[in-house]
Amino acid sequence: MALVGRVANQVNSLWEEYKKDYDLSLRNELISRYIYLVRYVVNRFPLTYSTAYDNDDLIGYGMLGLIDAIEKFDLGKGVKFETYALARIKGAILDSMRKLDWVPRSVRQKAKDISIACAKIESEQLRPATDSEIIAVLNISQEQFVEIIQQISQANLIYLEEEIFNSFDGE
């Protein structure tokens, strides 16, 4: 137990020194101490994200979030750094991914809404959902449904073309 107390005191001293001087070597020491938080967040990212992005990229985005968290952390707030940093790291990863995503968030949200509606209908009816059932659950018109499906299809087609084009670059 004495070891845990000693380590906690060392960490607190390191934080206090860093916040007093903002010395880069102290910041680097804090980064080394908390890098496990970045790996923790990246390893728990939904598979839909982690297959579309390189793991090293996600770690890089998370590192930016960790550095930002270290620089902006306020010792006087009484919040554990880990709690604060986890939110900043996840937010930095999501923000970076959104900047790189060419599909509007509204289209992604509509696709998610349709997916949720389909899952609900299929679990209740024990068969594939029909378009009219999806339309009813989403409370939209036939025209809106067709427009959404077209937007999703265009996004998927462009993504597929991009994947094919990128596969030639790797040869």
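H6 and H7 are roughly perpendicular to each other, where angles under 35 degrees would count as roughly parallel, over 145 as roughly antiparallel, 65 to 115 as roughly perpendicular and the rest as oblique. This is a predicted model, so local features need pLDDT of at least 70 and side-chain atom pairs count only at pLDDT 80 or more, while totals for chains, interfaces and linings use all residues. Residues are numbered from 1 along each chain as its sequence is written, and side-chain values use heavy atoms, with hydrogens and water left out.

### The overall picture

The protein has 8 helices and 0 strands; helices (H or I, at least four residues) and strands (E, at least two) are DSSP runs, numbered from the N terminus. Read from the N terminus, the elements go α-α-α-α-α-α-α-α. Of its 171 residues, 27% count as buried. Here buried is under 20% relative accessible area, exposed is over 50%, and partly exposed is in between (1.4 Å probe, protein chains only). Now take the contacts (heavy atoms within 4.5 Å) between residues at least 6 apart in sequence: 60% of them join residues at least 24 apart.

### H6 against H7

Two packed helices are described by the angle between their axes and the distance between the axes. For helix H6 (residues 105-125) and helix H7 (residues 131-138), the axes come within 9 Å and cross at roughly 115°. The axes are lines fitted to C-alpha atoms, for helices over the stretch in contact, and angles run from 0 to 180 degrees between N-to-C directions. The crossing of H6 and H7 is right-handed; a crossing is left-handed if the near helix is turned anticlockwise from the far one by less than a right angle, and right-handed if clockwise.

Who meets whom? On the H6 side we find Asp113, Ile114, Ala117, Cys118, Ile121 and Gln125, and they meet Glu133, Ile134, Val137 and Leu138 in H7. The residues of this H6 and H7 contact split into 7 nonpolar, 1 polar and 2 charged. In that scheme Ala, Val, Leu, Ile, Met, Phe, Trp, Tyr, Cys and Pro count as nonpolar, Asp, Glu, Lys and Arg as charged, and the others, Gly among them, as polar.

The loop between H6 and H7 holds Leu126, which has a positive phi of about 60° although it is not a glycine. Leu126 counts as exposed, at 75% relative accessibility.

### H2 against H4

Helix H2 (residues 24-43) and helix H4 (residues 55-72) also have axes that come within 9 Å, crossing at roughly 130°. H2 and H4 are therefore oblique to each other, and their crossing is right-handed. In H2, the residues in contact are Arg27, Leu30, Ile31, Tyr34, Ile35, Val38 and Val42, and in H4 they are Asn55, Leu58, Ile59, Gly62, Met63, Leu66, Ile67, Ile70 and Glu71. By class, the residues of the H2 and H4 contact come out as 12 nonpolar, 2 polar and 2 charged.

Val41 is another H2 residue, and it is buried, with a relative accessible area of 9%. Not counting residues up to four places away in sequence, Val41 touches Leu86, Ile89, Lys90 and Ile93. Val41 and Gly62 sit 7.9 Å apart, C-alpha to C-alpha, and 21 residues apart in sequence.

Tyr22 isn't a glycine, yet it has a positive phi of about 50°, and it is partly exposed, with a relative accessible area of 44%. For context, most residues other than glycine have a negative phi.

### Salt bridges

Side chains of opposite charge can pair when their charged atoms come close. The structure holds 4 salt bridges, meaning a side-chain nitrogen of Lys or Arg within 4 Å of a carboxyl oxygen of Asp or Glu. Among them are these:

| Salt bridge | N to O distance |
|---|---|
| Glu71 and Arg27 | 2.8 Å |
| Asp68 and Arg88 | 2.0 Å |
| Arg127 and Glu133 | 2.5 Å |

Glu71 in helix H4 and Arg27 in helix H2 are 44 residues apart, so their pair links distant parts of the chain. Arg27 is buried, with a relative accessible area of 16%, whereas Glu71 is partly exposed at 34%. Asp68 lies in helix H4 and Arg88 in helix H5 (residues 81-100), so this pair ties together parts that are 20 residues apart in sequence. Arg88 counts as partly exposed, at 29% relative accessibility. Asp68, Lys72 and Arg88 are linked in a network of salt bridges. As for Arg127, its 34% relative accessibility makes it partly exposed.
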